[in-house]
Amino acid sequence: SCVFCQIVVGERAATIIHQDALVTAFRDINPQAPTHILIIPNEHIPGIAEIEEQHGDLVARMFATANHLAHSEGLSRGYRLVLNQGPLAGQSVFHLHLHLLGGRAMRWPPG
């Protein structure tokens with residue numbers, strides 16, 4: 001029933017730009033910046049609070065994939081990575097996901 005799990009296995013359409021044994025990356029359907037890509041683990045992990053020590057390689061792959069995609073998307077001047085945990089932080093899909101945002105100047109504070 002998880003929409004991101006459905007994307008990983010091809011049951012739901014998405015513009016997938018990277019997929020390997022550990023992670024899948026696709027364009028956000030409601031982009032908040034000119035470049036807005038979601039990087040998710042192929043394994044269902046509800047959120048940051050459920051990350052355990054054995055997920056170390058997976059988390060490293062998420063960030064390495066984000067870095068690779070940022071460079072391939074031409075974001076050499078800068079980009080933002082965002083992880084939300086829980087509804088008060090804005091998490092709306094309870095499958096761990098990393099937002100890669102770029103293509104415009106980012107403001108601070110973000111919230």
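Rings of Phe, Tyr and Trp (its six-membered ring) count as a pair if their centres lie within 6.5 Å; planes under 30 degrees apart are stacked, those over 60 are edge-to-face, and the rest are tilted.

This is a predicted model, in which local features need pLDDT of at least 70 and side-chain atom pairs count only at pLDDT 80 or more, while totals for chains, interfaces and linings use all residues. Residues are numbered from 1 along each chain as its sequence is written, and side-chain values use heavy atoms, with hydrogens and water left out.

**View A. The aromatic pair of Phe4 and Phe26.** A search of the whole structure finds 1 aromatic pair. Phe4 and Phe26 form this edge-to-face pair, with 5.4 Å from centre to centre and 70 degrees between the planes. The pair links distant parts of the chain, since Phe4 belongs to helix H1 (residues 3–8) and Phe26 to strand E2, 22 residues apart. Helices (H or I, at least four residues) and strands (E, at least two) are DSSP runs, numbered from the N terminus. Both Phe4 and Phe26 are buried; this term denotes under 20% relative accessible area, exposed denotes over 50%, and partly exposed lies in between (1.4 Å probe, protein chains only).

View B. Two strands pair if DSSP finds at least two bridges between them. Strand E1 (residues 16–19) and strand E2 (residues 23–27) run antiparallel and are joined by 3 bridges, and a hairpin of 3 residues connects E1 to E2. Within this pairing, His18 has Ala25 of E2 as its bridge partner. E2 and E3 are also antiparallel, with 5 bridges between them; here Phe26 has Leu38 of E3 as its bridge partner. A further 5 bridges join E3 to strand E5 (residues 98–102), again in antiparallel fashion, and Ile37 stands opposite Leu100 in E5. In strand E3 (residues 35–41), 7 of the 7 residues are buried. Thr35, Ile37, Ile39 and Pro41 lie on one side, and His36, Leu38 and Ile40 on the other.

**View C. The salt bridges.** A salt bridge is a side-chain nitrogen of Lys or Arg within 4 Å of a carboxyl oxygen of Asp or Glu, and by this rule the count comes to 2. In one of them, the side chains of Asp20 and Arg61 meet at 2.9 Å, N to O. Asp20 sits in the loop between E1 and E2, and Arg61 in helix H2 (residues 56–72), 41 residues apart. The side chains of Arg27 and Glu73 also form a salt bridge, at 2.7 Å, N to O. Arg27 lies in strand E2 and Glu73 in the loop between H2 and E4, so the pair ties together parts that are 46 residues apart in sequence. Arg27 is partly exposed, with a relative accessible area of 32%, and Glu73 counts as partly exposed at 26%.

**View D. Cys2 and Cys5 without a disulfide.** A disulfide is a pair of cysteine sulfur atoms within 2.5 Å, and a search of the whole structure finds 0 of them. Cys2 is in no disulfide; its nearest cysteine sulfur, that of Cys5, is 3.8 Å away. Cys2 is buried because its relative accessible area is 15%, whereas Cys5 counts as partly exposed at 24% relative accessibility.
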